[in-house]
Each structure stands twice: as structure tokens, then as C-alpha cells.
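Biologist: I would like to learn how to read features from a model. Please take me through them one by one, general idea before the case.

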There are 2 protein chains.
Amino acid sequence: MNPTDYDLIVIGSGPAGQKAAIAAAKLRKRVAVVDRRLMIGGTCVHTGTIPSKTLREATIHLSAFRDGNFYGREFPSREEISVRDLAFRVQAVVTRETSVIQAQFKRNGITVHEGSAEFIDSHTISIAGTDQEREICAEHILIACGTRPAHNPDIWIDGKRVIDTDQFLAITQVPRESIVVGAGVVGLEYASLLATLGSEVTLIDQRSTILDFVDREIVEALAYHLRRVRVTFRLGEKVTHVEVHEERERLFAELESGKKIQGDVLLYAAGRQANGDQLRSEAAGLQPDERGRLKVNSSFQTDIPHIYAAGDVIGFPALASTSMEQGRLASCHMFGAPCEHMPELFPYGIYTIPEISMVGPTEESLTQNKIPYEVGIARYSDLAKSMMLGDECGMLKLLFNRHDRKLLGVHAIGARATEIIHIGQAVLAHCGSVEYFRDAVFNYPTLAEAYKVAALDGLNKL
Amino acid sequence: MNPTDYDLIVIGSGPAGQKAAIAAAKLRKRVAVVDRRLMIGGTCVHTGTIPSKTLREATIHLSAFRDGNFYGREFPSREEISVRDLAFRVQAVVTRETSVIQAQFKRNGITVHEGSAEFIDSHTISIAGTDQEREICAEHILIACGTRPAHNPDIWIDGKRVIDTDQFLAITQVPRESIVVGAGVVGLEYASLLATLGSEVTLIDQRSTILDFVDREIVEALAYHLRRVRVTFRLGEKVTHVEVHEERERLFAELESGKKIQGDVLLYAAGRQANGDQLRSEAAGLQPDERGRLKVNSSFQTDIPHIYAAGDVIGFPALASTSMEQGRLASCHMFGAPCEHMPELFPYGIYTIPEISMVGPTEESLTQNKIPYEVGIARYSDLAKSMMLGDECGMLKLLFNRHDRKLLGVHAIGARATEIIHIGQAVLAHCGSVEYFRDAVFNYPTLAEAYKVAALDGLNKL
């Protein structure tokens, strides 16, 4: 082998790339990260998770004031809260997170190359797009180049009234009426954000049901809450044409069924396209699929064993959380550090308002697999903490085996669901039983108490 | 035995009484609860945990607006947020929680008697204080009568400028300068609440250190944050005299050391006196100690085996969370339902701002017991979620065995510490290792991620 510049080149600095680079650096390897200028942290930091979740936190924080029932009066008024206030928060967090990542790279002696990466051969990468083109080579390469919004030939994205999720932050005021196309996780998150900000949202999807992998009771609760903030669902419907009336500042979406929906903004949030098609990976002997994705084995190796891939570019589950772990495990594997395989048990977090989280199988999948179970439910309206937080609509549901009382799954909707799900996850991972929750003491007042309430409910049914 | 009205009379409807009554009702027993009029839910709901924690949530919520860095401008101004707004929230939550408890009692067929309970004999209780005095008798009695603020002969509580914690809600405006006497959990919680509301607080305690049972690093972080909001600590100092200048609307506290401290309000928060002395328990053959507490065995039986006691009236740890479990276990024991003993492992939640939570031993106690350990730390400033929430000062610390990597303890300060501590508690209870956190996938962004960051930090040291 030729002498190499690095032990590892990581293409992309999103969650997978970051954690891979840091894990390799901790093993005292020479590591370089390549990403486009101003994109350190990847889509996650700049247009995806971080901005949307920051907007969400700020919106939840501000919306308590909208509710006259919260402090007995409404202040500040809706007019006083501008998109500018929200954008300030987003910019502050994006800047801070970017500098945290840069500091981590620096502290761990990781070299950052700014520019677009393309393969020259299976060990060599060219970096273009800045002042001069360079080539660097390494023994191992990790592709963690992420995804971009997918587009649809029938819906022309003009970046002004018809936008994709990358352009969401360009909105300068809350649209009175919005159309969101795509009712997957991302579409639902933006729809609930817009609705909580006061926009009247129509949500359109070709599928006739939403969130098929989530417990039905939880999904129906979400649908109920979204309808209460005036979201209209148009499921099993397809947008065939979008017309923008610039002078009237309105747009119209025509559906295959003949319906015509109007709004001020249309957000296209139906799927993402992986960036595996933009690396000239053929030069390394790799062939991404038609959606730009790369195939890997359980150790995250592509068909070329010294080239790994991790994160959204390899497809499902495409969560920041799983991508981080994939990146870390890829680095451990390539350098022979002891490592586990990707855990089969991982939580899903869906940052709608209210938020959803789950770990383990749903009632539907247990029934399908003929695993008998019992259910214990806690309603947030019975918890002191949720009253204090002003969120009484949540619930937590435990599924457990009737015979040995082993915990099978946890499903939650409501404030902090994405945090407290990890309590159930820890018990599941240790093959614990629902009796653990009955017998444990939980801080009062907390939302975590829901576990105890749900366990008592479930065990009382036996 | 004589025919009885009930299988169980519960004296007090706070956390211990509630859970005992409900557990007995679930076992199909005839249950009565006795509490004073308008006090359903006990001190916890009316003057203790619920009001103070609701005030705290509202204060945290509002204080983000004070911070010009949060939204880039300050709105509404301090003047716009009144104690009236806070009091509205408190009243709403207290009313709601009271009705939740009443509904639970009703749903479970539990009879509520309003009035003050006194023993006639070991099976009979008289209820006074309402329209007419009644007597009821039962096979079992549970004493869960709680505590009241302790008073000090040197400090005259006038209920206006010199108040105890029961009177805190009578404050109609945020005092410019406050004196808090007692730097235990309760004193610290009120001191941090007042300071966050903008009051300049002097905190006085005879002891020279605070929170002896809490990890020193966490306590020092709390002290640092309290000083940043202008809390002055006067430890190892004793108040000898308090003088109120009514015309100048000021008061002066003289300390044994000769110092003189002035303020607008003095809050006396040094200890609580148990109400065991108010039940004429001698008539049942019971003798409370000089602080009004009752002695029980590990099944919560007093010296009279059919009379149980639970909650704050039996002393340490006197947390709402542990009291609930004590009440439930007492009922299970008296009616022969299968039950565990009180778990040795339980979390502490301290609702200062920032909040503190811990489970398992501290570094100090491990060192004292010669148990070698390693430490893994996560700082909230490295977590995306804490940036979104505007709380970057927190930290989470894992203590684990260097050899087998078993988790030993978890100590946290910062937003949602009281929630996420239960993740560590579940792993501890199942004898899990710190490697669990390294290998688990955590929702992103969450504060629970701190476990993974801390585990990687700790394991990198081995």
C-alpha cells in the first residue's frame, strides 16, 4: 500500500461522521473530515434537526403565553412574537452547536477540509469548491454524506412560496394558511410546528394512514391533537399540480381527486434523496442505488471492505441518534477496537407537538406475532408535573407479558416523552419486568412517575 | 373484635395517605380518609410541594424572557410579570390536583371525612371541627398526618414580613431583598426561587456546609449558580434576634457573630415538626417523640401492630415520592397482599434552579467505604438539547467500578435532572454496567444523551 495522509477520511460531518471521527481519534488515528464550507455539522445542524427542534422548543415556550388559561391573561400578544424572535434563537443555537463540533474536532486533533469530496480511487479523495483543489488519501474511508430533500416533478420548488424543508427558515412570517405535502415524520413535525405557531395547515399524503410503525392509540392521539390546532388531514390524496398566483400572494394545489386547496405557502416534505450519487463513487468501485443510497453489511462496510458508510446515506432508520452510533461502531470495527453490533433495541423520537417516543414492539406487531400481552396506561392528566408544565394531554403505555410480567414495549406521547422513554429502554435492555416500575420510587413531581402509574394500572388487570 | 365501620381509616390525605387508601381500595377493602376541611391532598398539595414546584416551573418559564440573550430582546419586561400571574398558575394547579385526588377517592369508593382526627382508643377515631363531631372505627389505622413548619423562639413569625413556608404564597410582590433562614433542601429551593424572581437573597444556616448527602461537585456547582443570581451564603451563622421596622417596611436580622442583615421579608425554613403530637395518640397507646414523630418497623407498623404510620410523620427521608411508596406498602402489608420492602435505592430530587437529582452513593461515601471507582462526566454545554432549552450549566456524573464497570451512582444538576435520573436508577436496580450507556442509542436531541457522553468519557479513562 502507498503511504497515506490519514488513517481515516470521513466524508460528511453530520452525526455519523462526527462520532466516527472522534472515535477514531480516541484510538489515536490520524483523521480528516471533509465537508462543504459552512456546513460543519451537516444537515443536522444547519437545515435539519437542530433548527427545526430549536424552533419547536421556542414555539412551545412561547405558546404557553398564547393560552389565556396559563397565566390568566394573554401576554405578550401574538403580534409581539415575530418570526424574527424565533430566528434569533435558531441562529444562536446553530452557531453554538457548530462551534461545539469544531472545538471537538480540534481537541481531538482531527483535520477539517472544506469542500466537496469526490472519489479519485478507492483510497483517494479530491476536495473541490474552495480556493484550490486538493487530493488526500487514507487507508480507510467512511461515507457519511447524508441526504437532501427529494423533489417531485409535479411540484416546482420556487424557494419562496413552494419550499422544501431546507428552505423552511427563509419564511419571514407565519403563513396564515399552509399546505404540507408528506405526512411522514418530517412532514408531521413541520405541520405541528406551523399549526402551533398559528397557521392553518392542510397535510397531504398519498398513503391512507400515517406513521405505520407507531402504536395506533398514540397515532390517533396525535391526530386528535393536531386537529385541535386546526390541521386538516388529506390522506390517500396526491398533488398533481401547484399554481402560484404571485400577484395575489396565494397558491393552489390540485389533488388527483379533483379537490383544490389554497394556501400562502406549500412545504414539500415527502422523502429525502441520499447524497451517495454525488461522490463519483464509481471511481472507488461503488454503485449507489437509484435513491443515492449505499449498501453496507452489519459492520457498515460497503462492497469495498476498507470503505465504510453510515448515517442517512445507508437508509433506514436514518435517525440522528442511530447514525451517531453507526459512525462510532464503523470506526471501532475498521480499527479493530472491541465493539458491539448495532443494538436491535433503540427508541424512536418524533418531535411533533406533542412529542412521541417509543421503544420495543407495538400492540399491532405483538398481535401479529401472536405474543399475548397486557397493557398498563398512565394519563398525564393524573400527574402533577404535567399540570405544572401545562401539558395534560399526554399518555404512557406499557406492554408486558401476562405470564412472566416481562416488559415488552413502551409507547408515549406528551411532554418529555423522548426523554423518559429511556427509562423503559433501560429496563427492556436488562430484561426487566413491569414490577420494577411498581416497586421503584420516582421523584415527585416528575413525568417519569407515569411509569409507576402505568405499572399499577397494568398489574391491577391481572 | 367489635363490628367496625371500615377496614382501614387513613389519617391524612397527603401522598402517603392517598396511596395507602387507594391500594387498600384496590384490595376491595372499606376505606375512610380523614383530613381537615379544604386540605384534601395535604400539605403537599396546598402549601408544600405542589405550590412551590408550580411557582418554580412558572418562574423558569418566565425567566427565559428576562434573559435578553434568549430571544435577542427582553419581553415582556419585568414589570409586566406580576406575582399575580404566578399566583394564578399556582391556584389553577392546586385546584386541579385537589380535584384529581377527590376523583380518585370517589372512583375507588373511598369515604372522605372532613375534620381533625383524634384517637378515642386504638380502633376508634373522633372527627371534630366540622358541623358535628363523629366517631368512626376500623380494624386498621394508618397515621399519615405529615408535618408543619417548625418554629424558633428567637424568630417571631408575624405572617407578614417574617413568614414560614406555609405562608409563602401570601407574598404579594417579589421582595427586593429576602432573608432565608435554613439552607436545607426546602430553604435552598425557596432561596433559588426568590433569586430567580429577582430578589437579592441572604441564606443563613447554623451548619457550615449545605446538603451533606449530595455529591460535593454538584453542591459546589449549585452554590456557584446561586451566587450568580446574587444569593449570599451566611453559613455557620445563627440568627439571634429579628426586628421589624413596620413604618420603614424593613426588617433586620442579628446574627450571633454580630452581623446585622436587612431585608424586606424573612422566610423561616429551618426544619419541620411532625403532627404526631396532635392526634391524642396516647389514647391508642402510642407515644410520639419530642419532634412529633412516630416510630415504625420495616413494615410501617407502630408499637400497636394494627396501627401503621407512613410519610413525613415517621421522619427520614420525608420525600413525597418515598411517602407514597410507604403508604402503598403499609396497606399491602396490613391486608396480606404480596409486597416488597421499601427499596433501598431511591432517587433524591432537589428542586432548586438548576435542579439536582441523585441515585446511589456519592464519591465521598464510596471513598469512605474504600470502594474504588472511576468517574464519567457529561456537561450540558456539549448537548444540543440543553442549548435549545437555554440551560447550558448542567452536568451528569456517572460513578462506576473500575474493574467490572458496574454502575455505582448517578449525580446530576441541570434541567430535567429529576426526570433523567430514573434512567440511571433502572440500570443500577438491574446491576447494569456503564457500558450499557455507551452501547445504547439515545433519542437526539435529548438531555438523556448525557448518559452516553458521560459513559464514553469515563470508559476512555480506563
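Biologist: Is D312(B) buried, exposed or partly exposed?

Modeller: Remember that this is a predicted model. Burial is read from relative accessible area: under 20% is buried, over 50% is exposed, and partly exposed lies in between. D312(B) has a relative accessible area of 25%, so it is partly exposed.

Biologist: Where in chain B does D312(B) lie?

Modeller: D312(B) sits in the loop between β17 (307-309) and α8 (320-334) of chain B.

Biologist: What does D312(B) touch, not counting residues up to four places away in sequence?

Modeller: Contact means heavy atoms within 4.5 Å. By that rule D312(B) touches G146(B), T147(B), A318(B), L319(B) and S323(B). With S323(B) there is also a side-chain polar contact of 3.5 Å. Look at G276(B) as well: 36 residues separate it from D312(B) along the chain, and their C-alpha atoms are 9.9 Å apart.

Biologist: Now a strand residue. Is V231(A) buried or exposed?

Modeller: V231(A) counts as buried, because its relative accessibility is 5%. It belongs to strand β11 (residues 231-235) of chain A. Beyond its neighbours within four places in sequence, V231(A) is in contact with A191(A), A195(A), V201(A), L203(A) and L226(A).

Biologist: On to charges. How many salt bridges does a search of the whole structure find?

Modeller: Side chains of opposite charge can pair when their charged atoms come close. Over all chains, the search finds 56 salt bridges. Take one within chain A: D289(A) and R293(A), with their closest N and O atoms 3.1 Å apart. D289(A) is partly exposed at 30% relative accessible area. R293(A) is partly exposed too, at 28%.

Biologist: Which residue forms a salt bridge with D264(B)?

Modeller: The partner is R250(B), and the closest N and O atoms are 3.0 Å apart. D264(B) is in the loop between β14 (260-263) and β15 (265-268), and R250(B) is in strand β13 (residues 250-255), so the pair ties together parts of chain B that are 14 residues apart in sequence. D264(B) counts as buried at 13% relative accessibility. R250(B) counts as buried at 12%.

Biologist: What parts of the chain does the pair of E374(B) and R402(B) link?

Modeller: Their side chains meet in a salt bridge of 2.7 Å, N to O. The pair links distant parts of the chain, 28 residues apart: E374(B) is in strand β20, and R402(B) is in the loop between β21 and β22 of chain B. E374(B) is buried, at 14% relative accessibility. R402(B) is partly exposed, at 36%.

Biologist: Which residues do salt bridges that share partners join into one network?

Modeller: The network holds E325(A), R328(A), R438(B), D439(B) and K452(B). One of its links is the salt bridge of E325(A) with K452(B), where the closest N and O atoms are 2.3 Å apart.

Biologist: K452(B) brings up its helix. Which residues of helix α13 of chain B are buried?

Modeller: Helix α13 covers residues 450-460 of chain B, and its buried residues are A450(B), Y451(B), K452(B), A454(B), A455(B), G458(B) and L459(B). These pack against α8 (320-334) of chain A. In chain B they pack against β20 (374-379), β21 (395-400), β22 (407-413), α11 (417-429) and α12 (435-439).

Biologist: How many residues of chain A are in contact with chain B?

Modeller: Start with the count, then the area. 82 residues of chain A are in contact with 82 residues of chain B. The two chains bury about 7300 Å² between them, 58% of it on carbon and sulfur atoms. The rule finds 10 salt bridges across this interface. Between the chains, 33 residue pairs are in polar contact. The side of chain A that touches chain B has 41 nonpolar, 19 polar and 22 charged residues.

Terms used:
Residues numbered from 1 in each chain as written. Chains lettered and ligands numbered in written order. Predicted model: local features only at pLDDT ≥ 70, side-chain atom pairs only at ≥ 80, totals over all residues. Heavy atoms only, no water. Buried < 20%, exposed > 50% of the residue type's maximum accessible area, 1.4 Å probe, protein only. Helix = DSSP H or I, 4+ residues; strand = E, 2+ residues; numbered from the N terminus. Buried area = accessible area lost by both parts, 1.4 Å probe. Salt bridge = Lys/Arg side-chain N within 4 Å of Asp/Glu carboxyl O. Polar contact = N/O pair within 3.5 Å; in protein donor to acceptor, adjacent residues only side chain to side chain. Nonpolar A, V, L, I, M, F, W, Y, C, P; charged D, E, K, R; others polar.
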